[in-house]
Amino acid sequence: MSFKLFELHPLIQAGVEALGYEEPTPIQSECIPLILQGRDVMGMAHTGTGKTAAFALPILQRLMAGPRRRVRVLIIAPTRELAEQIHEAINQLGRKAKVKSVTVYGGVKQTSQVRKLQEGAEIVVACPGRLIDLMDQGVIDLTHLEVLVLDEADRMFDMGFMPDVRKILKRIPAQRQTLLFSATIPDEIRHLAKEVLQDPVTVQVGESTPVSTVSHALYPVEQHLKTGLLTKILDRTDTDSVLVFTRTKARATRVATHLKKAGFPVASMQGDLSQGQRQDALNGFRTGKYRILVATDIAARGLDISRISHVINYDMPDTVDAYTHRIGRTGRAERTGDAFTFVTREDRAFVWAIENVLGEEIERRTLEDFDYTAAPKESSSGRGGFQRYGGRDREASPKAGPMRRELSSFASAQAGSNSTEGARKVTLFSTPRSRSRRARSVR
């Protein structure tokens with residue numbers, strides 16, 4: 001199937017061809033005709049499947065007719081990074097058509113955003129908070145809105161944006177086309193869809209499970225040994241770009257600092273950084289300046305970098321859906337990728353939940369030359385925390401002794417039965433690889 005079958009405006013088709021697109025993805029094939037017909041659509045698809053173009057192309061087609069230089073399309077996204085990504089995609093696809101798009105989000109001054117609105121922006125890609133601020137100030141006119149897009153709706157719910165979204169819904173025209181896209185459709189999103197969509201068509205591409213192009217592996221390890229294990233894995237694995245997820249902002253900063261001191265090209269990305277700092281980290285990761293990005297779940301959505309070869313869950317995510325979104329950063333666009341997850345004793349029940357979704361047991365791995373028995377160094381206060389251990393920062397556990405014994409048993413029991421001792425050591429790597437050597441993709 002060719003994009004030409006959609007009979008897009010020549011200027012839009014030119015943008016498609018300029019990007020080298022030849023055949024639409026499944027989500028595009030199903031959604032574009034429906035949106036062109038003016039239908040409300042609820043689309044469910046994994047990230048990396050071409051979802052943005054699935055709604056951007058028919059929106060651009062619609063804007064080629066009718067009045068210009070006023071806001072006719074509103075796209076709401078949960079994060080600044082996703083808003084910028086959508087905005088960039090629209091600009092690329094619509095550059096020949098000269099459609100004006102503007103991003104609206106907090107963390108930066110609103111001056112330039114207001115100026116672009118006044119210059120006649122036709123598409124607004126917004127995060128809820130700043131959008132409400134501009135609506136309250138009367139500097140954005142949505143009375144002519146024709147299309148509303150709620151992108152990553154489940155993530156907006158997870159981040160607590162639904163009250164703001166409902167406020168926005170009450171202040172925009174009821175007569176409109178509404179498109180809702182999400183990687184998963186929990187009950188809360190289904191209820192929202194019933195409220196905001198009129199006679200919708202549901203398009204689902206794939207199941208709500210981690211993508212099949214990703215290989216999964218678990219690394220049982222104590223909390224205070226995670227940073228050392230991460231360093232060794234990064235040092236010995238042929239990778240392209242690596243995305244490391246931590247549970248907290250402070251831990252993302254500490255882990256990135258440790259890796260930087262160890263000689264790795266690394267940046268961190270978390271909510272306490274300014275928008276400029278976050279954008280610099282993201283741009284550096286995208287261009288290859290940084291081989292490793294250590295991030296909180298702020299980067300789990302909307303990060304479209306096709307060459308991420310590995311996702312490493314330094315900390316286990318809170319939900320199975322979050323696991324799906326995290327590892328969805330690799331194995332994109334039919335490429336392969338690897339997802340490594342560090343698991344502690346407390347994570348075992350969650351591991352079983354993930355395996356239930358995958359429908360298979362995840363391989364357990366250990367490193368033959370890594371010391372899993374090392375005890376954490378006590379701080380001067382005697383409390384567990386982020387300690388100095390062998391000259392390097394380690395995260396200590398106040399119950400390290402019992403945990404070490406139980407986790408060691410857990411790792412052995414889960415490793416398999418390929419040896420006479422009932423446990424196997426999985427040798428992942430042969431010889432250490434110099435950090436100065438250019439990383440090679442596993443794909």
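## Burial and the basis of the model

A residue counts as buried when its relative accessible area is under 20%, as exposed when that area is over 50%, and as partly exposed in between. At 8% relative accessibility, Lys-51 therefore falls in the buried class. The model under discussion is predicted.

## Salt bridges

The structure contains 20 salt bridges. One of them joins the side chains of Glu-152 and Lys-51, with an N to O distance of 3.9 Å. Because Glu-152 sits in the loop between β5 (147-150) and α7 (153-158) and Lys-51 in helix α3 (residues 51-63), this pair ties together parts that are 101 residues apart in sequence. A network of salt bridges links Lys-51, Asp-151 and Glu-152.

Glu-81 and Arg-278 form a further salt bridge, in which the closest N and O atoms are 2.9 Å apart. Glu-81 belongs to helix α4 (residues 80-93) and Arg-278 to helix α12 (residues 275-287), so the pair connects parts 197 residues apart in sequence. Both Glu-81 and Arg-278 are buried. For the salt bridge between Arg-251 and Asp-315, the closest N and O atoms are likewise 2.9 Å apart. Here Arg-251 lies in helix α11 (residues 249-261) and Asp-315 in the loop between β12 (308-313) and α13 (320-327), 64 residues apart. Arg-251 and Asp-315 are both buried.

Asp-40, in the loop between α2 and β1 (41-45), is buried yet has no salt bridge. The nearest side chain of opposite charge, Arg-176, is 6.8 Å away, whereas a salt bridge requires the atoms to be within 4 Å. A polar atom of the Asp-40 side chain does lie 2.7 Å from the backbone nitrogen of Gln-198. Beyond its neighbours within four places in sequence, Asp-40 is in contact with several residues, including Arg-176, Thr-178, Val-196 and Pro-200.

## Aromatic pairs

There are 7 aromatic pairs in the structure. The ring centres of Phe-3 and Tyr-21 are 6.2 Å apart and the planes are at 25 degrees, so this pair is stacked. Phe-3 lies in the segment before α1 (10-18) and Tyr-21 in the loop between α1 and α2 (26-36). Phe-3 is buried at 2% relative accessible area, while Tyr-21 is partly exposed at 38%.

Tyr-219 and Phe-340 have ring centres 5.3 Å apart and planes at 65 degrees, so the pair is edge-to-face. Since Tyr-219 lies in strand β8 (residues 214-220) and Phe-340 in strand β13 (residues 337-343), the pair ties together parts 121 residues apart in sequence. Both residues, Tyr-219 and Phe-340, are buried.

Note on methods
Residues are numbered from 1 along each chain as its sequence is written. This is a predicted model: local features need pLDDT of at least 70, side-chain atom pairs count only at pLDDT 80 or more; totals for chains, interfaces and linings use all residues. Side-chain values use heavy atoms; hydrogens and water are left out. Rings of Phe, Tyr and Trp (its six-membered ring) pair if their centres lie within 6.5 Å; planes under 30 degrees apart count as stacked, over 60 as edge-to-face and the rest as tilted. Helices (H or I, at least four residues) and strands (E, at least two) are DSSP runs, numbered from the N terminus. Buried means under 20% relative accessible area, exposed over 50%, partly exposed in between (1.4 Å probe, protein chains only). Lys and Arg count as positive and Asp and Glu as negative; His and the chain ends are not counted. A polar contact is a pair of N or O atoms within 3.5 Å; within protein, one must be able to donate a hydrogen and the other to accept it, and residues adjacent in sequence count only if both atoms are side-chain atoms. Contact means heavy atoms within 4.5 Å.
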